[in-house]
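Hi,

Here is the structure I promised to pass on. Please open it first, then read my notes below.

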Amino acid sequence: MDTKTAIETRRAIKHFDPTHRMTEYEIRELLSLAILSPTAFNIQNWRFVVVRDPGIRAALRAVSWMQPQITEASLLVVICADIHAWQKNPERYWRHAPEDVRARVLEAINTYYSGRPQVQRDEAMRSCGLAAQTLMLAARHFGYDSCPMDLADFDDAGRLINLPEDHVIGLFVAIGKGLREPWPRAGQLSLDDVIINDCFVADGA
Ligand SMILES: Cc1cc2nc3c(=O)[nH]c(=O)nc-3n(C[C@H](O)[C@H](O)[C@H](O)COP(=O)(O)O)c2cc1C
């Protein structure tokens, strides 16, 4: 499937065929594509929790407004991020770069993230969002549907997957064979509603 078609046909699907099994090969392919998503300074801060255990799935569903996708999806990925990835052996993110480039980037990483918890968390969310979209478009390539998902309670979900202290959950992505056609798009804004040329108009101008 070409990229334009993948973007146009990706929809947030509410019901998946619970009997469909995805192969381990397909799962690895999807995740291999997801980790080609961009991250600032290449820190690759996302972590992908693949939830196969039916008990954990059921418990996650209970903290996600009982949404059926959580248990029906062939693949459920909790897209998390390590907020401190930037300081955990960052040399490895640049190991194939020339030595002088590596030294400069490592210094820049340290300067950018040190003592800035809000920036660290924002970066985590940016990375999760980009990875989620890559994963969902990759799913289209393999003939799968998907749904990005929020949770009613992120803290409970974190406990269920044993989320480390310095990690955050970005969102869930459920992937599978959709059972029903999605509704027509609910209320897409026009380009004019969302494009700002050059800068926002100042209040009172
Ligand atoms: C961060 C995020 C969280 C979402 N959470 C849910 C969710 O919990 N359940 C759901 O059915 N859809 C969820 N959606 C899907 C949106 O409702 C959907 O993307 C939006 O209505 C546009 O529809 P479309 O994706 O089919 O174009 C979420 C989307 C995003 C980006």
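**Ligand contacts**

A polar side-chain atom of Arg10 sits 3.0 Å from an oxygen atom of the ligand. Keep in mind that this is a predicted model. Arg185 also reaches the ligand: an N or O atom in the Arg185 side chain is 2.9 Å from a ligand oxygen atom. With Pro148, the backbone takes part. A polar backbone atom of Pro148 lies 3.1 Å from a nitrogen atom of the ligand. How much of the ligand does the protein bury? Taken alone, the ligand exposes 620 Å², and the protein buries 61% of that.

**The shell**

Arg10, Arg185 and Pro148 are among the residues that surround the ligand. By type, the shell divides into 5 charged, 4 nonpolar and 2 polar residues. Which element gives the most to this shell? Strand S3, residues 145–149, does, with 3 residues.

**Gln133**

One more residue to look at. Gln133 belongs to helix H6, which spans residues 117–141. Is Gln133 buried, exposed or partly exposed? Its relative accessibility is 31%, so Gln133 counts as partly exposed. The cut-offs are under 20% for buried and over 50% for exposed. Now find Thr39. In sequence, Gln133 and Thr39 are 94 residues apart. In space, their C-alpha atoms are 13 Å apart.

Best wishes

Technical notes:
Residues are numbered from 1 along each chain as its sequence is written. This is a predicted model: local features need pLDDT of at least 70, side-chain atom pairs count only at pLDDT 80 or more; totals for chains, interfaces and linings use all residues. Side-chain values use heavy atoms; hydrogens and water are left out. A residue is near a molecule or strand if one of its heavy atoms lies within 4 Å of it. A polar contact is a pair of N or O atoms within 3.5 Å; within protein, one must be able to donate a hydrogen and the other to accept it, and residues adjacent in sequence count only if both atoms are side-chain atoms. Accessible areas come from the Shrake-Rupley method with a 1.4 Å probe; for residues, only the protein chains shown count as cover. Helices (H or I, at least four residues) and strands (E, at least two) are DSSP runs, numbered from the N terminus. Ala, Val, Leu, Ile, Met, Phe, Trp, Tyr, Cys and Pro count as nonpolar, Asp, Glu, Lys and Arg as charged, and the others, Gly among them, as polar. Buried means under 20% relative accessible area, exposed over 50%, partly exposed in between (1.4 Å probe, protein chains only).
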